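Me: I would like to learn how to read some features of a model. Can we go through them one at a time?

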Amino acid sequence: MTQANPLLCAYDLPPFSQISAAHAQPAIEQILADNRTAIAEILAQQPAAPSWQSLVQPLDELGERLGLAWGPISHLNAVCNSAELREAYQACLPQLSAYWTELGQNRELFNAFEALANSPAAAGFSVAQKTILEHNLRDFRLSGIDLPAEQQQRFAAISARLAELSNQFSNQLLDATQAWTKHLPDASRLAGLPDSALAQMAQAAEARELEGYLVTLEFPSYYAVITYADDRALREEIYQAYCTRASEQGPNAGEFDNGPLMAEILDLRHEMAQLLGFANYAELSLASKMAESTEQVLSFLRDLAAKSRRFAEQDLAELRAFAAEQGVTDLHSWDVGYFGEKLRQAKYSVAQEELRPYFPIDKVLGGMFAIVERLYGIQINELHDVERWHADVRLFEIRENGEQIGRFFIDLYARANKRGGAWMDGCKDRRLTNSGSLKLPVAYLVCNFTPAVGSQPALLTHDEVTTLFHEFGHGLHHLLTRVNEAGASGINGVAWDAVELPSQFMENWCWEPQGLALISGHYESGEALPQNLLDKMLAAKNFHSGLMMLRQLEFSLFDFELHANHGDGRSVADVLQAIRSEVAVMQPPAYNRFPNSFAHIFAGGYAAGYYSYKWAEVLSADAFSRFEEEGILNADTGRAFRDCILANGGAEAPMVLFQRFRGRAPSIDALLRHSGLSEEAA
């Protein structure tokens, strides 16, 4: 079987062309069986005083083997989804959940880790090794190691069911997104849309052997209509289809309804938290994060909302007045993006589409690489003739002093059977093996941009450029680590509310003239972004930032309240409405079912953690303010950021690393200033 199954063979990079859905379950079952046997042997052979080499490193080897089999399956399920792959992926989830729970509740293993942590040798361990032991002991307790047998079994059952429900939520959201399309035989109802969007819709229609144009709910298509379509009825129609996805409302009402899944997920999370002795799931979530209490998180979010509200009210009043001038006195949710873009153009004479020709993908990538090469003393090169899961995928390497230190795949464009959104995921971790060889990290960077059309290269909006920089920031955190222990290398072991620091930090260079000079150039002439366009773009940076800040705070408060106060008799819709009444300055229509597509918290890792974006944004804005003081492309400051933050991964507490870089505790002032929400900005 080993010869026939690529997931059971050692590889440098995943052999994507050889992997089929049929390989998944046999490989996972084989590895789990092998691992169970190996763990029993590791424990049986432990010396009286366990060592790092006798306990942690052999377990890391087992974890790596499992990750190298499961990683490609999980990745392909997200980027090349098919009925066969989905079924195989789903069949593995209960087995993996049972295995991890079993590991977390293995008393003998816990005792060995505790003995190692308390041993005389531990005093001489590196900071990373001490942190890994501390995290392991914490995670044993969060897996129910101290529970009686019956409650351990219930914990295991909950874990398995939650894995199943999260996967089902994700599948139904993908299916709901793909279930709605609108075929238009000509462009008459698409007046106002830019040529690039029309070309993409024509290409989508052609792919299905249709004449004319095909509008879909994939984000580039939805965004183009909601932002640019003069046809108000069409905007309302696509808005309703988009915001009712996977719900009991809208054009496909009830067909892929995530409502019952959300209710069960929340019940099970609450039960799990209480089993472990926490009052609610929000408390359980914070057990492994920077934030110290639910009160601290809620106070942080509400304080930020209070500081932002006046600016958001001003934004909305200005937008209503502008729409009224255009004859629309009853502003609705499907009008906000449209009139917002028109107002931006009226105020600043700049539109996202006007910028697109200046951001061809290769120029953006080359400039982005040039920025980090200068800051961090590295070199980035493209590698060719490699295995990939789609023709658009590219592979790059990072070198330092002539030596390769990591590689990353990028998959940039939206397509059918690919999960929406943008993300970074680890393919391989940096790790020093027992034999002394060094394994190097590999990352996946995935986005959903508008693809190239015809002979024209893919052209990005400035928003898409910012998204690319964000995900690349995550990638650098994974790839520029110098930690040699798997449990703390790259993003491993990083508190969830600090993991967005490097990604949001990278976004700043998209707004700096020195950065923009490197990442922009007209796709035909190579001409630099004209100064007048640059000035307008920078002037428009904080356009409607009050509204955008409150929108993010609405999501964060909704998520946290949902998990902190579960069981108080309110439904998901009740909690959302209460938060909107408190925070939002404009109410969406009653049929809006945003939570049903809130994959971050129901199918991702952000449950009771969506606040992390704002929490980390305080850190990232303040970290960047040092570059504002010392030079945007200052190599010494760049090396300091790499040495303090990126190189250390999860080896030390994020606040310790931040203060080492900044020389003081973080301040919210830089975030408010960057967002145009400070008194001086007003």
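Predicted model: local features only at pLDDT ≥ 70, side-chain atom pairs only at ≥ 80, totals over all residues.

Me: Which residues of helix 9 are buried?

Reply: They are Leu234, Arg235, Ile238, Tyr239, Ala241, Tyr242 and Cys243. Helix 9 itself covers residues 232-243 and reaches 16 Å from its first C-alpha to its last, close to the 16 Å expected at 1.5 Å a residue.

Me: What caps the N-terminal end of helix 9?

Reply: Asp231 does, with a side-chain oxygen 3.1 Å from the backbone nitrogen of Ala233.

Me: How should I describe two helices that pack together?

Reply: Two packed helices are described by the angle between their axes and the distance between the axes. Here, the axes of helix 4 (residues 107-117) and helix 5 (residues 127-142) come within 10 Å and cross at roughly 150°. An angle over 145 degrees counts as roughly antiparallel, so helix 4 is roughly antiparallel to helix 5. The crossing is left-handed. On the helix 4 side, the contact is made by Leu109, Phe110, Phe113, Glu114, Leu116 and Ala117. Helix 5 contributes Leu133, Asn136, Leu137, Phe140 and Arg141.

Me: How many residues of helix 20 are buried?

Reply: The count is 18 of the 20, so helix 20 is largely enclosed by the rest of the structure. Helix 20 spans residues 545-564 and reaches 28 Å between its first and last C-alpha, close to the 28 Å expected.

Me: Now a lysine: is Lys418 buried or exposed?

Reply: Buried means under 20% relative accessible area, and Lys418, at 4%, counts as buried. Lys418 sits in the loop between strand 5 (403-413) and strand 6 (423-428). Its side chain makes a polar contact with the side chain of Asp411 (3.1 Å). Leaving aside neighbours within four places in sequence, the residues in contact with Lys418 include Ala78, Leu174, Gln178, Tyr413 and Asn448.

Me: What should I look for in backbone phi values?

Reply: Most residues other than glycine have a negative phi. Ala246 has a positive phi, near 55°. Asn401 also has a positive phi, near 55°.

Me: Where do Ala246 and Asn401 lie?

Reply: Ala246 is in the loop between helix 9 and helix 10 (259-275), and Asn401 is in the loop between strand 4 (394-400) and strand 5. Ala246 is buried, with a relative accessible area of 4%, whereas Asn401 is exposed, at 71%.

How values were computed
Residues numbered from 1 in each chain as written. Heavy atoms only, no water. Helix = DSSP H or I, 4+ residues; strand = E, 2+ residues; numbered from the N terminus. Expected span 1.5 Å × (residues − 1). Buried < 20%, exposed > 50% of the residue type's maximum accessible area, 1.4 Å probe, protein only. Polar contact = N/O pair within 3.5 Å; in protein donor to acceptor, adjacent residues only side chain to side chain. Axes fitted to C-alpha atoms, helices over the stretch in contact; angles between N-to-C directions. Parallel < 35°, antiparallel > 145°, perpendicular 65-115°, else oblique. Left-handed = near helix turned anticlockwise from the far one by under 90°. Contact = heavy atoms within 4.5 Å.
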